[in-house]
Structures are given as C-alpha cells and as structure tokens.
Amino acid sequence: SVFGDAGWNWTSNVALTKNSPQNDNYFLTTTGVSYQPIIRHNLLAEFTALHQWFRYDRFTEMNFNSLNLGAGLSYVITELDNLAVFCRYNYNRLTNNDSTSEFYRNHSITLGLYKTFPLARAHYLYAGYSSQFGFSDPGIYQRDYHSLMAGYYLDILPKLSFDVNGRISYVPYRENGREDYNESVTLGLNYK
C-alpha cells in the first residue's frame, strides 16, 4: 500500500523538557509505502518506509524531518480469542527541516500485544501494550518506551472511518536517571 496523511497537532511540551515546558501547534505530514504479506494463516509480516515533516507554528526552529524504515512480524493466537503478539525493528533518522544535517539516529526493537473487542460489524474497541527498546546516537537521548493504549474505531461509511485513542507511556532514559511520563490523545477521521 501507498499512504499519506496530514494532521494538525498540539503539544504541551514542544522541547520535551522536564522544567518550564512550552506549548505549540505543529503540522505533521506523512508519506510512505508498506508491504504486508501473509506468511501463514495467523502469521503476518510487515515492511514499511515512511517520511514525515514536522512544522511548528511558534517555535519554527524546532522544525525537522523524520525517516523511518522498519519490519516486523505479528502472530494471532486464535486460542486466546485472536490476541495478536508482535515484534518489530525500526530505524529512525531525524534531520533539520531541509534534510541537510542529521542530528539523531535510533535503532529500536518493539515487542507488544494487541486485542480488538468487536461491538458490531462497523465498530470495535481495542487495547494494547508495547515496550520499545532504543539504541540511539547521540547516546544521551537513548530511551525506552513502555506504553498502554486503548481506543475506539467506527466505520462511518465504506470509505470513511473515525478513530479515537489514548496512550500512556513511561519513558526511562539510559543516562542521567531521567524518567518521563507521556500521555496522548488522538482523534482521527480517515478517508480510504
């Protein structure tokens, strides 16, 4: 599949600082390609490449680009009411807004669980847990993410859907003993 999306976002902590956070709006554009072959009846693979552009309203010096290349496996355990377990590798490279200077590189491994709870044919609830272990350059930004998430999905029309979800994450850094907590809420209207 080939995909793209654009979204307006708000953050309460634009620089991810522990003290004196500043809020801002930013526009996020994403384009990418993904291939998801079925290896066996309940084993799926995934290969994805995507590029993102982050453009801030007030703090324009924070503008950056992000390249992600990744692959993973998902296994559906039918005996546990179709609980999905997954593992994924991702490479992430961040550059300044004209992509001439790299300032961050990260390799990560993510392990997790995902479960849907059908309510009817056109809508369902979902929940999941994931742990992402990062290996970054520069090392001072190396961190892991341990996240719980839950959401609701609704097919409004055959090509139009709505999604709302929340995520809570614990983010320990490898250096300086820093620990962060991150909460996010996402509302989405998708046209296929």
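Contact is taken to mean heavy atoms within 4.5 Å. The structure is a predicted model, in which local features need pLDDT of at least 70, side-chain atom pairs count only at pLDDT 80 or more, and totals for chains, interfaces and linings use all residues. Residues are numbered from 1 along each chain as its sequence is written, and side-chain values use heavy atoms, with hydrogens and water left out.

Tyrosine 153 belongs to strand S9, residues 144-157. Leaving aside residues up to four places away in sequence, tyrosine 153 touches Ala122, His123, Tyr124, Tyr126, Ser161, Phe162, Asp163 and Lys192. Its relative accessibility is 12%, and tyrosine 153 therefore counts as buried (buried, under 20% relative accessible area; exposed, over 50%; partly exposed, in between; 1.4 Å probe, protein chains only). Between tyrosine 153 and valine 171 there are 18 positions in sequence and 27 Å in space, C-alpha to C-alpha.

The protein chain has 11 strands and zero helices, and its pattern along the sequence is β-β-β-β-β-β-β-β-β-β-β. The radius of gyration is 18 Å, close to the 16 Å that the globule rule gives for 192 residues, so the chain is as compact as a globular protein of that length. Here strands (E, at least two residues) and helices (H or I, at least four) are DSSP runs, numbered from the N terminus. The radius of gyration is taken over C-alpha atoms, and the globule rule is 2.2 Å times the number of residues to the power 0.38. The C-alpha trace spans about 45 × 35 × 30 Å along its principal axes. Of the contacts with a separation of 6 or more, 44% are between residues 24 or more positions apart.

Buried residues account for 32% of the 192 residues. The largest nonpolar core consists of eight residues, namely Val14, Tyr26, Leu28, Phe54, Tyr56, Phe64, Leu94 and Tyr104. At least two residues of this core come from each of strand S2 (24-35) and strand S4 (43-56). A nonpolar core is a set of buried Ala, Val, Leu, Ile, Met, Phe, Trp, Tyr and Cys residues joined through side-chain atoms within 4.5 Å. Phenylalanine 54 touches Tyr26, Phe27, Leu28, Asn63, Phe64 and Ser66, with residues up to four places away in sequence not counted.

The accessible surface comes to about 12200 Å², and 60% of it belongs to carbon and sulfur atoms (Shrake-Rupley method, 1.4 Å probe; for residues, only the protein chains shown count as cover). Tyr89, Ile109, Leu111 and Phe135 make a nonpolar surface patch of about 340 Å². Patches are made of residues with over 30% relative accessible area and no salt bridge, with like charges joined within 9 Å and nonpolar side chains (Val, Leu, Ile, Met, Phe, Trp, Tyr) within 5 Å. A salt bridge is a side-chain nitrogen of Lys or Arg within 4 Å of a carboxyl oxygen of Asp or Glu. Leucine 111, in strand S7 (residues 102-120), is partly exposed at a relative accessible area of 42%.

Most residues other than glycine have a negative phi, and most peptide bonds are trans. Asparagine 82, which is not a glycine, has a positive phi of about 65°. Asparagine 82 is placed in the loop between strand S5 (64-77) and strand S6 (83-96) and is partly exposed, with a relative accessible area of 44%. Serine 99, also not a glycine, has a positive phi of about 60°; serine 99 lies in the loop between S6 and S7. The peptide bond from aspartate 137 to proline 138 is cis, with omega near 5°, and proline 138 sits in the loop between strand S8 (123-137) and S9.
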